[in-house]
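Please look over the model below before reading on. The notes that follow are grouped by topic.

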Amino acid sequence: MYRIGQGYDVHRLVEGRELWLCGIRLDFELGLLGHSDADVAIHALCDAILGALALGDIGTHFPDTDPRYKGIDSKKLLANVCQLMRDKGYELGNCDITICAERPKMKPYIPSMRQTLAEVINTPVDNISVKATTTERLGFTGRMEGISASAVALLHKI
Ligand code: MG
C-alpha cells in the first residue's frame with residue numbers, strides 16, 4: 001500500500017541569519033528567518049511526509065510558540081517525523097524536493113544535501129532528489145525577499 005503527500009514552505013531572507021537548506025549550512029550573506037533554523041526545504045519535506053500520513057502539518061507537531069523549538073536544527077524535526085512515519089507502519093519510498101531561490105547557486109551543495117537527508121531519514125541516497133530553480137527574478141523569490149521549497153514524498157507500508 002502506497003501513500004503520497006506534498007509540502008510547501010516559504011521563509012523570509014534577512015541579514016544576520018545563517019542559511020540552512022536540506023540540513024546543511026550554505027555560504028551566503030543572507031539567511032532565512034524563523035523560529036527554528038528556518039530550513040525551508042526540510043520543512044516542506046516534513047509536511048510532505050506528514051501529508052502522506054494525514055497527520056496534519058509541521059506547525060501542529062512543532063508549534064512556533066513552543067520555546068523547545070526555538071533555533072532547533074530542522075534535522076531533528078525531520079527525524080521526529082520519520083519516527084512518526086515508522087510508528088504508523090510506513091517507510092519512505094522516495095522524495096523529491098525543489099528549492100526556489102534566485103541565489104545562491106545550489107548546484108555545488110546538492111550532493112551533500114542529498115547525503116545529509118539520506119542519513120537523517122536512514123534511507124539510500126538515491127531515494128532522495130533535491131532540485132533547485134529560480135523564478136527568473138520574478139516575484140518574492142526573484143527579488144530575494146524569501147526562499148520557497150516544495151516537496152513530494154511517496155511512502156509504502158512496511
Ligand atoms: Mg517553515
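Is E145 buried, partly exposed or exposed? E145 is partly exposed, because its relative accessibility is 38%. This is a predicted model. The points below cover the metal site, the salt bridges, the helices and strands, and some backbone angles.

**Magnesium site**

- Three residues supply the protein donors of the magnesium ion: D9 through OD, H11 through NE2 and H43 through ND1.
- These donors lie 2.1 to 2.3 Å from the ion.
- Along the chain the donors follow the spacing D-x1-H-x31-H.
- D9 and H11 are both buried.
- H43 is among the buried residues of α1.

**Salt bridges**

- The structure holds seven salt bridges; some of them are described here.
- Side chains of opposite charge can pair when their charged atoms come close.
- E145 pairs with R143 in a salt bridge, at 2.8 Å from N to O.
- R143 counts as exposed because its relative accessibility is 52%.
- E18 and R25 form another salt bridge, and their closest N and O atoms are 4.0 Å apart.
- E18 is partly exposed at 42% relative accessibility.
- R25 is also partly exposed, with a relative accessible area of 49%.
- E29 and R103 meet through their side chains in a salt bridge of 3.2 Å, N to O.
- E29 sits in the loop between β3 (24–26) and β4 (30–32), and R103 in the loop between β5 (90–100) and α4 (110–121), so this pair ties together parts that are 74 residues apart in sequence.
- R103 has 39% relative accessibility, so it counts as partly exposed.

**Helix α1**

- Helix α1 covers residues 40–52, which is 13 residues.
- Its first and last C-alpha atoms are 18 Å apart, close to the 18 Å expected at 1.5 Å a residue.
- Twelve of its 13 residues are buried, so α1 is largely enclosed by the rest of the structure.
- Among the buried residues are V40, I42, L45, C46, I49 and L50.
- An α-helix has 3.6 residues a turn, so residues three or four places apart point the same way.

**Strands β5 and β6**

- β5 pairs with β6 (residues 128–133) in the parallel sense, over six bridges.
- I99 has A132 in β6 as its bridge partner.
- Together β5, α4 and β6 make a right-handed β-α-β unit.

- S148 is in strand β7, which spans residues 146–157.
- S148 counts as buried because its relative accessibility is 6%, and buried means under 20%.
- Leaving out residues up to four places away in sequence, S148 touches Y8, D9, V10, V40, T98, I99, C100, F140 and T141.
- One of these contacts, D9, is also a donor of the magnesium ion.
- S150 is partly exposed, at 30% relative accessibility.
- Beyond four places in sequence, S150 touches G7, Y8, A44, D96, I97 and T98.
- S150 and G59 are 91 residues apart in sequence and 16 Å apart in space, C-alpha to C-alpha.

**Strand β4: G31**

- G31 is placed in strand β4.
- G31 is buried, with 0% relative accessibility.
- From G31 to V14 is 17 residues in sequence and 5.5 Å in space, C-alpha to C-alpha.
- Not counting residues up to four places away in sequence, G31 touches R12, L13, V14, R17, E18 and L19.
- E18, one of these contacts, also takes part in the salt bridge with R25.

**Backbone angles in loops**

- Most residues other than glycine have a negative phi, and most peptide bonds are trans.
- The peptide bond from R103 to P104 is cis, with omega near -5 degrees.
- P104 is in the loop between β5 and α4.
- N122 has a positive phi, near 65 degrees.
- N122 lies in the loop between α4 and β6.
- N122 is exposed, with a relative accessible area of 62%.
- R137 is not a glycine, yet its phi is positive at about 65 degrees.
- R137 belongs to the loop between β6 and α5 (139–142).
- R137 is exposed at a relative accessible area of 67%.

Technical notes: Residues are numbered from 1 along each chain as its sequence is written. This is a predicted model: local features need pLDDT of at least 70, side-chain atom pairs count only at pLDDT 80 or more; totals for chains, interfaces and linings use all residues. Side-chain values use heavy atoms; hydrogens and water are left out. Donors are N, O and S atoms within 2.8 Å of the metal (3.2 Å for Na, K and Ca); water is not among the atoms, so sites may look incomplete. Buried means under 20% relative accessible area, exposed over 50%, partly exposed in between (1.4 Å probe, protein chains only). Helices (H or I, at least four residues) and strands (E, at least two) are DSSP runs, numbered from the N terminus. Two strands pair if DSSP finds at least two bridges between them. A crossover is right-handed if, with the strands pointing away from the viewer, the path from the first strand over the helix to the second runs clockwise. The expected span of a helix is 1.5 Å times one less than its number of residues. Contact means heavy atoms within 4.5 Å.
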